[in-house]
Amino acid sequence: MKKILRIFAILFHIILFAALALFVLYSRFRPISYTPAAFTETNALLDNPFCGFFHLNGYLLSEDPPENMALRCRQDIYSNRRHLMMAQINLKNYAHSDISETALQQLDSILSEISLSKKQVILRFLYDWDGKALETEPAELSQVVRHMDQVAAIVNQYADSVLVIQSTFTGNCGEMTQTRFGSHEHNRYLMTHLSQVIDPAIFLAVRTPSHLRGVTQSKSPIGEENAFDGTLSSRLGLFNDGMLGSVYDLGTYDDTSFADSAVPEEKGTREEEIAFQEYLCQYVPNGGEAVLDNPYNDFENAVIDLRRMHVSYLNRDHDAEVLEKWKAATYEGDGCFQGMNGLDYIEAHLGYRFTITKTELSYDAMKSDCASLTITIQNTGFAPSYRNFDAKISLLASSSGVLISLPAQMDVRTIKAGQEASFTFPLAVRSLPEDSYEMSFGLTDPYTGQPIQFANAATKQNGQVPLGTLTLPATSKGAAYGIFLETLLAYFDLDS
């Protein structure tokens with residue numbers, strides 16, 4: 001009898017272990033289903049920060065009351081519907097002295113108005129608007145350096161609103177030409193000093209690729225391994241106010257190759273220099289103005305070069321003849337832009353243009369409490385975003401109407417122009433109530449608070465892009481508890 005009882009006891013413990021194992025497995029079981037949304041690109045003109053067409057405004061610092069300058073800047077801002085602007089700050093009144101406290105207050109009032117309006121600004125400090133820099137800029141290099149120190153103390157307070165500071169303050173119209181400080185040694189010294197006093201979040205720019213190589217002392221453009229690390233090389237971009245103006249972009253390029261030269265600042269041919277920009281400007285911004293109607297800025301040719309140079313911003317007022325030529329042209333390629341006028345096509349592609357193309361969700365209930373949501377984003381713009389944005393995944397419960405917002409860690413700066421990138425986020429599905437959820441994704445600029453507009457046709461008014469539907473059906477965990485209790489009862493019955 002004892003032997004039989006021992007056998008029954010062994011069998012019971014086997015059954016008990018199996019029931020407990022079943023209970024554990026069943027308690028881990030969480031069936032889910034995911035149906036991705038359909039994704040298509042629209043040809044809408046997006047209104048996103050830190051890229052696009054800009055209007056130029058010039059401000060001459062003086063001894064006038066700062067409030068007058070603030071009023072004028074406010075008027076410029078209100079008359080400009082575009083979020084991106086260029087402010088050229090003329091310092092010629094102080095070429096032979098420090099900038100006065102009143103003039104510095106004027107500068108502060110300009111940047112304060114821009115920041116309050118949540119505009120974004122391209123800054124250029126200069127001493128000349130009339131092609132007479134030799135007459136208006138300081139006689140000593142030390143005075144330029146002193147001015148850099150003075151304005152930096154103001155500019156750094158508004159780093160969130162400043163995309164880039166162009167030039168070394170020198171040359172005709174601040175373009176680093178026709179200046180007593182135009183040697184590569186001068187440029188390297190001035191730009192190095194500027195990088196040391198200006199907030200690392202602000203990009204800097206020089207007029208030509210030759211200038212840039214002269215500053216960095218390298219023939220190779222910055223690569224992905226050093227991008228956005230705050231060094232001078234990782235911050236130094238380009239501005240081209242002779243863009244598409246001739247085969248040489250009005251002195252930007254040369255007719256001889258730099259391939260065999262040991263001198264970094266040697267100018268190269270148009271093809272060499274555009275190839276250089278094609279790599280460099282995936283990491284630092286490039287922009288300027290298109291000038292002088294000629295075959296190089298015919299719409300079809302312009303699009304090819306603007307895309308290769310990764311242009312983020314262009315002057316909307318100059319050159320009017322070129323802009324009108326683009327407006328009269330028609331995009332004849334395939335896709336949603338077919339038939340669009342050339343000016344709108346270029347505006348739609350200046351800077352970054354994000355489209356979600358695919359989502360996937362994977363989940364192993366036995367191994368993890370989290371599912372993995374992968375979102376693939378394509379950038380069809382001419383350039384990447386050089387600013388990072390805050391990302392958020394939202395889940396709207398169909399039954400309860402509860403909205404769950406989850407911050408998502410990603411770096412949108414890695415979505416290169418003309419490419420796509422995939423980002424995977426953990427999704428704690430086990431902690432979600434049983435329901436059906438409409439999922440969406442959005443980006444927000446932390447400076448403006450503005451939602452980043454996607455080019456997806458289904459994008460909501462708040463900038464969120466529908467991703468798909470996640471369903472967590474009700475699970476009968478009571479069955480697992482029942483198995484466990486029945487096994488216990490059988491044990492007690494057996495002992496009795």
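## Cysteines and the basis of the model

The count of disulfides in this structure comes to 0, where a disulfide is taken as a pair of cysteine sulfur atoms within 2.5 Å. In general terms, a disulfide is a covalent bond between the sulfur atoms of two cysteines. Cys 281 is buried, at a relative accessible area of 0%, whereas Cys 336 is partly exposed, at 28%.

This is a predicted model, in which local features need pLDDT of at least 70 and side-chain atom pairs count only at pLDDT 80 or more, while totals for chains, interfaces and linings use all residues. Residues are numbered from 1 along each chain as its sequence is written, and side-chain values use heavy atoms, with hydrogens and water left out.

## Overall architecture

The chain contains 13 helices and 16 strands; helices (H or I, at least four residues) and strands (E, at least two) are DSSP runs numbered from the N terminus. Of its 496 residues, 51% count as buried. Contacts, meaning heavy atoms within 4.5 Å, can also be sorted by separation along the chain: among those between residues at least 6 apart in sequence, 79% join residues at least 24 apart.

## Aromatic pairs

The structure holds 13 aromatic pairs. Rings of Phe, Tyr and Trp (its six-membered ring) pair if their centres lie within 6.5 Å, and planes under 30 degrees apart count as stacked, over 60 as edge-to-face and the rest as tilted. One of these pairs joins Phe 299 and Tyr 345, whose ring centres are 6.0 Å apart and whose planes stand at 90°, so the arrangement is edge-to-face. Because Phe 299 belongs to helix α10 (residues 299-309) and Tyr 345 to helix α12 (residues 342-349), the pair ties together parts that are 46 residues apart in sequence. Phe 299 is buried at 5% relative accessibility, and Tyr 345 is buried at 4%.

Ring pairs also link Tyr 352, Phe 354, Phe 389, Phe 425, Phe 441 and Phe 454 into a cluster.

## Salt bridges and charges over rings

Side chains of opposite charge can pair when their charged atoms come close. The structure holds 17 salt bridges, each being a side-chain nitrogen of Lys or Arg within 4 Å of a carboxyl oxygen of Asp or Glu. In one of them, Arg 213 and Glu 273 meet with an N to O distance of 2.9 Å. This pair links distant parts of the chain, since Arg 213 lies in helix α7 (residues 209-216) and Glu 273 in helix α9 (residues 270-280), 60 residues apart. Arg 213 is buried, with a relative accessible area of 0%, and Glu 273 is likewise buried, with a value of 0%. The charged end of Arg 213 also sits over the ring of Phe 276, 4.8 Å from the ring centre; a charge sits over a ring if NZ of Lys or CZ of Arg is within 6 Å of the ring centre and within 35 degrees of the ring normal.

Arg 413 likewise takes part in both kinds of arrangement, forming a salt bridge with Asp 411 in which the closest N and O atoms are 2.9 Å apart, and lying over the face of Phe 228 at 4.3 Å from the ring centre. Here Arg 413 is partly exposed at 21% relative accessibility, and Asp 411 is partly exposed at 22%. Elsewhere, Asp 249, Arg 270 and Asp 305 are linked in a network of salt bridges.

Glu 113 forms a salt bridge with Arg 74, with the closest N and O atoms 3.0 Å apart. The two residues lie in distant parts of the chain, Glu 113 in helix α3 and Arg 74 in helix α2 (residues 66-78), 39 residues apart. Glu 113 is buried at 14% relative accessible area, while Arg 74 is partly exposed at 28%.

Ser 100 lies in the loop between β3 (84-90) and α3 (101-116), and is buried at 18% relative accessibility. A polar atom of the Ser 100 side chain lies 3.1 Å from the backbone nitrogen of Ala 103. Leaving aside neighbours within four places in sequence, Ser 100 is in contact with Glu 63 and Tyr 94.

Definitions and conventions. Buried means under 20% relative accessible area, exposed over 50%, partly exposed in between (1.4 Å probe, protein chains only). A polar contact is a pair of N or O atoms within 3.5 Å; within protein, one must be able to donate a hydrogen and the other to accept it, and residues adjacent in sequence count only if both atoms are side-chain atoms.
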